[in-house]
Amino acid sequence: MRVPLSWLREYVDLPATETGRDVQAKLVSAGLEVERVEQLGADLKGPLVVGQVLTIEELEGFKKPIRFCTVDVGQANGTGEPQEIVCGARNFAVGDKVVVVLPGAVLPGNFAIAARKTYGRTSHGMICSGDELGMGDDGSHGIIVLPPEYEVGTDAIELLELVDEVLDIAVTPDRGYCLSLRGIAREAAIAYGLPLRDPALLDVPAPNAFGYPVQVSEPLGCDRFTARTVTGLDPDTHSPLWLKRRLQKAGMRPISLAVDITNYVMLELGQPLHAYDRTRVQGTIGVRRAEQGEQLTTLDGVKRTLDAEDLVITDDRGSIGLAGVMGGANTEIDDTEGTTTEVVVEAAHFDAISIARTARRHKLASEASKRFERGVDPLAAAAAAQRTVDLLVLLAGGTADAGVTEVIAPSAPRTIAIPANHPDRVAGVDYGRETVVRRLQQVGCDVYGQDELIVTVPSWRPDLTDPNDLAEEVIRLEGYENLPSTLPKPPAGLGLTDRQRLHRRVGRVLAGAGYVEALNYPFIGEHVFDQLGLAADDPKRKVVKLVNPLSDEEPALRTTLLPGLLHALRRNDGRGSHDLALFETGLVFHPRGELRVAGRLPVDRRPTDEEIASLTAALPVQPRHAAVVLAGAREQAGWWGKGRPADWADAIEAARSLAREAGTELLVRTGQYGPWHPGRCAELAVVIDGREQVVGHAGELHPGVLKTLGLPARTCAMELDLDALEQASAGVPKGPKISTFPVATQDVALVVDRFVPHTDVEAALREGAGELLESIRLFDVYENSEQLGEGSKSLAYALRFRAADRTLTVDEASAARDAAVALAADRTGAVLRGA
């Protein structure tokens, strides 16, 4: 919302010394977002005067039409003689009044004016257009031609109001009343403690039976419709300069008198209006829902197919406008032909949600829809219609019909009960009842009561719906900067939870292993599950969809971290970084079986455990996962030796490192799932309450997935459920006890069938070795059909034995090793190599 300071002063007697920057500071303190203050005409220097064209000579022999003019500028040039000026524009004639800048002046953009020779003549100044004076777009795209009543030599800087300050305010969706001078003036009046001259306080005649007929068939979509008629308009009358300049400063383009007046009143009062050419409206004006597939050509010349939820304005022929968004072309006021002498003025109040959906459905954001969808004062409709009628009568010589039409759906003002000390409890500041009542009354509320206040909300504030909204009004008007800075006081002895500590340890261990954290948006499109090759009945395909997604292509919340990580990997690989190791820890989202509506938590006290549990039950299930992706070299080659590419084993080792941080043992076995290569996929499991539970997968991705997603060859990935790891853990890992006794190492090489998993052999060895076993490590895998036999492989393990209270003898270590081998042989068919 652009607010010229000169216009704002008409409603509030701001101190004469107050600049735009001062007003900006006051409004920012009151909670408005004033982005900047534009200084109009700050670098403009006269003389800039009104001149009258005396003669025009057409110069020949040039690539474009050039005219040599003499212009009467009165005594502005010091001689009274006609001023000779060369000009290329052609939208003026002899006798026209124009704006002339004389030598010595400076135009916006630091453009100095001096006499200069051009096209064989000497030009002593310029005849100016609106763009050259920084006036903005006036639709003429040529020289400014002034009305004939202005005297020659008049100062054009003052006449055209070229010097001003404009406040550019970013209005938030809940402050729709600030999309008007009336609303901004009210905020300025409160900020300065000055009275407001409300432009909506007009004498409005009562409705009667002689007004233009109106039929509202959809009272839920249109609860108020005012219609007024003005006849006898002079079709040749143009908008006066002051009206055009105010529209331009506010960022709107002047079009025609009737349209300019409706736009002016909309900016002034915040009530969108529409003017119909009465001769082009047939029969009763109506308001209804559109028929599915109904056609309407709007003022922008686009033929639109309407939806059954669209609210339309009609006459006896059908639709003549998209209610609250844009009028129809078949009732447009066409001033190019100069035939409109009678207009019907519409001032209505439409349902905010309906208008917002219509504007988005048709991708048609207008000044009217922007205001309606944020909330318009329904009681301002009659005043806006009266203001429009008054301006049409004053500026276009029209006559206001005695008939007044007003269709109103019954409604009652909104009242809110609020304890007088509620703002005190919310802000932690002792405002007191008198301050609370005074501030609410300044906003426009009627307040009754003592300890318990009954507040009647003003019609222009639809955003005030509960006690917290009223508390916010008191707090912002008292000044956010006056709120004390207080830190929360947590109970002594409480710190991070076990879950939080695990998440931090996981991040540190992955970063220490060379992974780089990549944070991604938690939004996905369901097509990604097909790209990952998930089965049709895979649980991860059941997603939580957002009602208002940031992108229509990604309307769902993620059920896996891999899509975001793989996208980041592809993006970095495409930009020349080929050796990549990325990780992410974050929430994934799974829908609950029963859909519940979340309640609103209180802000004046801590929610109870029951309230928190109810809120949690309405949210999706949100476990925290960890995932890694790898591509390219895992170890770089150099003078120290050869490098090594990342492979499936690195992904599995990343999972093992996370399990160690959680203090649990990870079961790794051959698996087959979705995006992973069927022969290079590990299934990751833990034991929870005596039962095994799969918590993730790791390995090399399927070549088909790599091709579909455009990923490097042999890309590997791992993802597991951190919450499940935490459930399986025995608590915070404890540091190992350091024994002072020496270790006894025994190596064994076992020959097993090639399809026997290493994890099964290791588990048998670990169990058979007993409590003396300190660690076990697989250090060699060997396959040779000539030495081992067809379909066999050799697994070599290093077993470390140690006792906490003594030095083990060779016989004790050997006995433990033999017991381990015996159990492995019994369970997996292992044979001691060389035996």
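Mentor: A cavity is a set of points on a 1 Å grid over the protein atoms alone where a 1.4 Å probe fits but cannot get out; its volume is the space filled by probe spheres set on the points. This is a predicted model: local features need pLDDT of at least 70, side-chain atom pairs count only at 80 or more, and totals for chains, interfaces and linings use all residues. Numbering starts from 1 along each chain, and side-chain values use heavy atoms, without hydrogens and water.

Trainee: How many cavities of 30 Å³ or more?

Mentor: The structure holds 2.

Trainee: Which residues lie nearest the centre of the largest cavity?

Mentor: Tyr-177, Ser-180, Leu-269, Gly-270 and Asp-377, out of 16 lining residues (an atom within 4 Å of a point).

Trainee: And what classes line the largest cavity?

Mentor: 6 nonpolar, 6 polar and 4 charged residues. Tyr counts as nonpolar and Gly as polar.

Trainee: Where does the largest share of that lining come from?

Mentor: Helix 4, residues 181-192, gives 3 residues (a DSSP run of H or I, at least four residues).

Trainee: At what angle do helix 2 and helix 4 pack?

Mentor: About 90 degrees, with axes 9 Å apart. So helix 2, roughly perpendicular to helix 4, falls in the 65 to 115 degree class.

Trainee: Which residues meet there?

Mentor: Asp-22, Val-23, Lys-26 and Leu-27 in helix 2 meet Ile-184, Glu-187, Ala-188, Ala-191 and Tyr-192 in helix 4 (heavy atoms within 4.5 Å). The contact has 6 nonpolar, no polar and 3 charged residues.

Trainee: New topic. Where does UniProt place B5?

Mentor: The unreviewed entry places the domain at residues 411-485. That stretch is 39% helix and 17% strand (strands are E runs of at least two). Its end C-alpha atoms are 43 Å apart.

Conventions:
1 Å grid on protein atoms, 1.4 Å probe; cavity = no way out; pocket = protein on both sides within 12 Å on 5 of 7 lines; lining within 4 Å. UniProt positions renumbered as here; feature names shortened; annotations may be inferred. Axes fitted to C-alpha atoms, helices over the stretch in contact; angles between N-to-C directions. Parallel < 35°, antiparallel > 145°, perpendicular 65-115°, else oblique.
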